[in-house]
Amino acid sequence: MRLIAAIAAAALLAGFTVQGASACDRGDITILQSNWRVDGRVVRVAGELKNGCATDTAIQLQAIYRKESGEIVHVSDFWPAMTNNIRAGETFGFSTLEPIASQGVAKVDVKVISVRQWSSR
């Protein structure tokens with residue numbers, strides 16, 4: 001038991017995050033709204049998400065761009081807060097743009113694909 005406590009203390013001192021059974025997962029994040037528009041040569045996506053995790057968390061989103069037929073024309077993955085964690089319980093605005101307006105985009109879906117915690121070093 002002392003060995004486990006010593007390892008945990010060393011990990012904390014080294015800046016590692018110890019996650020237990022209550023760790024955050026993708027299902028704890030809610031996309032509150034997501035809108036898109038063509039603006040010249042780019043497609044702009046903007047929205048808001050809520051971090052429902054008990055801890056500050058980094059969130060990776062994916063935008064899927066489709067034609068009217070449902071055919072995927074482009075996919076982009078992005079971290080709205082870059083290498084920062086979003087505070088627990090906080091809402092956070094996001095946006096991204098892609099130079100694909102000429103590809104006939106008719107629908108954009110946004111979903112959470114990953115969560116993690118960036119260290120505070």
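Residues 24 or more positions apart account for 68% of the contacts in the protein with a separation of 6 or more, a contact meaning heavy atoms within 4.5 Å. The model is predicted, so that local features need pLDDT of at least 70 and side-chain atom pairs count only at pLDDT 80 or more, while totals for chains, interfaces and linings use all residues. Residues are numbered from 1 along each chain as its sequence is written, and side-chain values use heavy atoms, with hydrogens and water left out.

**Confidence and overall make-up**

The average pLDDT of the protein is 86, and 81% of the residues score at least 70; pLDDT is the predictor's confidence in each residue, on a scale from 0 to 100. Over residues 1–21 the pLDDT stays under 50, and for this stretch the model has seven contacts beyond four places in sequence. Where pLDDT is low, the predicted coordinates should not be read in detail.

The protein has one helix and six strands, which follow one another from the N terminus as α-β-β-β-β-β-β. Helices (H or I, at least four residues) and strands (E, at least two) are DSSP runs, numbered from the N terminus. Of the 121 residues, 30% count as buried, where buried means under 20% relative accessible area, exposed over 50%, and partly exposed in between (1.4 Å probe, protein chains only). The accessible surface comes to about 7800 Å², of which 51% belongs to carbon and sulfur atoms; such areas come from the Shrake-Rupley method with a 1.4 Å probe, and for residues only the protein chains shown count as cover.

**Two open sheets**

Strands of a sheet pair through backbone hydrogen bonds, either parallel or antiparallel, and here two strands are taken to pair if DSSP finds at least two bridges between them. The antiparallel strands β1 and β2 (residues 42–51) are joined by 10 bridges, and T30 stands opposite K50 in β2.

Another open sheet of three strands has the order β4-β3-β6, again with antiparallel pairing. Its edge strands are β4 (72–78) and β6, each pairing on one side only. Nine bridges join β3 to β6, which run antiparallel, and A58 stands opposite R116 in β6.

**Salt bridges**

Side chains of opposite charge can pair when their charged atoms come close. A salt bridge is counted when a side-chain nitrogen of Lys or Arg lies within 4 Å of a carboxyl oxygen of Asp or Glu, and by this rule the count comes to five. The table lists some of them.

| Salt bridge | Closest N and O atoms |
|---|---|
| D39 with R37 | 3.7 Å |
| D109 with R66 | 3.4 Å |
| D109 with K107 | 3.9 Å |

D109 lies in strand β6 (residues 107–116) and R66 in strand β3 (residues 58–66), so the pair ties together parts that are 43 residues apart in sequence. D109 counts as partly exposed at 28% relative accessibility, and R66 is partly exposed as well, with a relative accessible area of 23%. K107 is partly exposed, with a relative accessible area of 44%. Salt bridges that share partners join R37, D39 and R44 into one network.
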